[in-house]
Amino acid sequence: MRVWDLPVNVLCDKHLLGQHNEIHIMWNAITQNKKGWINHPETIRWKDNLVSLCLKHAETKLEMIKKRYEPQIRSLF
């Protein structure tokens, strides 16, 4: 899993896109009880912190917009 405790503006393009995708994987694992990633340590770390995960997604999304990645941006809801 690639969700770092770093400011999103220091992430390279590859890591920024990876973080965005994996936030979605964790969100779905937690909110839809998907079995594949539910026991992964990174998913467990965010399980009781969905507000923080939403904030991390928002930060990531804003950075992607800044870097003109609009076509790859998905919403959590």
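In this predicted model, the side chains of Asp13 and Lys67 form a salt bridge, with an N to O distance of 3.3 Å. This pair connects distant parts of the chain, since Asp13 belongs to helix α1 and Lys67 to the segment after α3 (50–66), 54 residues apart. Three salt bridges are found in the whole structure.

**Salt bridges**

- Asp5 is exposed, at a relative accessible area of 60%, whereas Arg45 is partly exposed, at 32%.
- Arg45 has a further salt bridge with the side chain of Glu42, at 3.0 Å from N to O. Glu42 and Arg45 both belong to helix α2 and are three residues apart, about one turn of the helix.
- Glu42 is buried, with a relative accessible area of 13%.
- Through shared partners, the salt bridges join Asp5, Glu42 and Arg45 into one network.
- Side chains of opposite charge can pair when their charged atoms come close.

**Nonpolar cores**

- The largest nonpolar core consists of seven residues, namely Val3, Ile23, Met26, Trp27, Ile30, Trp46 and Leu53. Helix α1 gives the most to this core, contributing four residues.
- Another core, of five residues, lies apart from the largest one; among its members are Val8, Leu16, Met64 and Tyr69.
- In soluble globular proteins, nonpolar side chains tend to be buried together.

**Trp46 in helix α2**

- Trp46 lies in helix α2 and is one of the residues of the largest nonpolar core. Trp46 counts as buried because its relative accessibility is 7%, and buried means under 20%.
- Not counting residues up to four places away in sequence, Trp46 touches Val3, Met26, Ile30, Ser52, Leu53 and Lys56.
- Trp46 and Met26 are 20 residues apart in sequence, and their C-alpha atoms are 8.0 Å apart in space.
- The side chain of Trp46 also makes a polar contact, at 3.1 Å, with the side chain of Glu42. Glu42 is therefore a partner both in this polar contact and in the salt bridge with Arg45, and Glu42 is itself buried.

**Helix α3**

- Helix α3 has 17 residues, which at 1.5 Å a residue should span 24 Å; the C-alpha atoms at its ends are 24 Å apart, in agreement with this expectation.
- The buried residues of α3 are Leu53, Lys56, His57, Thr60, Glu63 and Met64. Viewed down the axis of α3, these buried residues fall within an arc of 130°, so they line one face of the helix.
- The buried residues of α3 pack against α1 and α2. Leu53 belongs to the largest nonpolar core, whereas Met64 belongs to the core of five residues.
- On the other side of α3, the exposed residues are Val51, Leu55, Leu62 and Lys66.

Note on methods. Residues are numbered from 1 along each chain as its sequence is written. This is a predicted model: local features need pLDDT of at least 70, side-chain atom pairs count only at pLDDT 80 or more; totals for chains, interfaces and linings use all residues. Side-chain values use heavy atoms; hydrogens and water are left out. A salt bridge is a side-chain nitrogen of Lys or Arg within 4 Å of a carboxyl oxygen of Asp or Glu. Buried means under 20% relative accessible area, exposed over 50%, partly exposed in between (1.4 Å probe, protein chains only). Helices (H or I, at least four residues) and strands (E, at least two) are DSSP runs, numbered from the N terminus. A nonpolar core is a set of buried Ala, Val, Leu, Ile, Met, Phe, Trp, Tyr and Cys residues joined through side-chain atoms within 4.5 Å. Contact means heavy atoms within 4.5 Å. A polar contact is a pair of N or O atoms within 3.5 Å; within protein, one must be able to donate a hydrogen and the other to accept it, and residues adjacent in sequence count only if both atoms are side-chain atoms. The expected span of a helix is 1.5 Å times one less than its number of residues. The arc is that of the directions from the helix axis to the C-beta atoms.
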